[in-house]
Amino acid sequence: MDDFEKRWQRIQDQLRIQMNGDEQPRFSSGRTLFGIRSAAEEKMDRFAREIEDEMNRKRRAREEGERGAH
């Protein structure tokens, strides 16, 4: 089942649950119904990139320091 089919199945499940008045399962998604990235998801990705960049800078500085000491 591809992503489109999975999303369509989730939509159908939610419609069935609402029509029958069944209890809805609780879940949280970082994306909207149509797969558009949320602002929170974009901020988390940006924050993760900043941390990764900082770690790479520190690693490079440490490696350069070790090479200079030899």
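User: Is Ile51 buried, partly exposed or exposed, and why?
Analyst: Ile51 counts as partly exposed, because its relative accessibility is 39%. Buried here means under 20% relative accessible area, exposed over 50%, and partly exposed in between, with a 1.4 Å probe and protein chains only. This is a predicted model, so local features need pLDDT of at least 70 and side-chain atom pairs count only at pLDDT 80 or more, while totals for chains, interfaces and linings use all residues. Residues are numbered from 1 along each chain as its sequence is written, and side-chain values use heavy atoms, leaving out hydrogens and water.

User: Which helix does Ile51 lie in?
Analyst: Ile51 sits in helix H2, residues 39-69. Helices (H or I, at least four residues) and strands (E, at least two) are DSSP runs, numbered from the N terminus.

User: OK, salt bridges. How many are there?
Analyst: Two. The rule asks for a side-chain nitrogen of Lys or Arg within 4 Å of a carboxyl oxygen of Asp or Glu. Lys58 pairs with Glu54 at 3.3 Å, N to O, and Glu63 pairs with Arg59 at 3.4 Å between the closest N and O atoms.

User: How far apart are Lys58 and Glu54 along the helix?
Analyst: About one helical turn, because they are four residues apart in H2. Glu63 and Arg59 are also four residues apart in H2. An α-helix has 3.6 residues a turn, so residues three or four places apart point the same way.

User: What about the accessibility of Lys58 and Glu54?
Analyst: Lys58 is partly exposed at 48%, and Glu54 is partly exposed at 37%.

User: Switching topic: what's the span of H1?
Analyst: H1 covers residues 3-20, and its 18 residues reach 26 Å from first C-alpha to last, close to the expected 26 Å. The expected span is 1.5 Å times one less than the number of residues. Just after H1, Gly21 takes a positive phi of about 75°.

User: How much of the chain is buried?
Analyst: 4% of its 70 residues.
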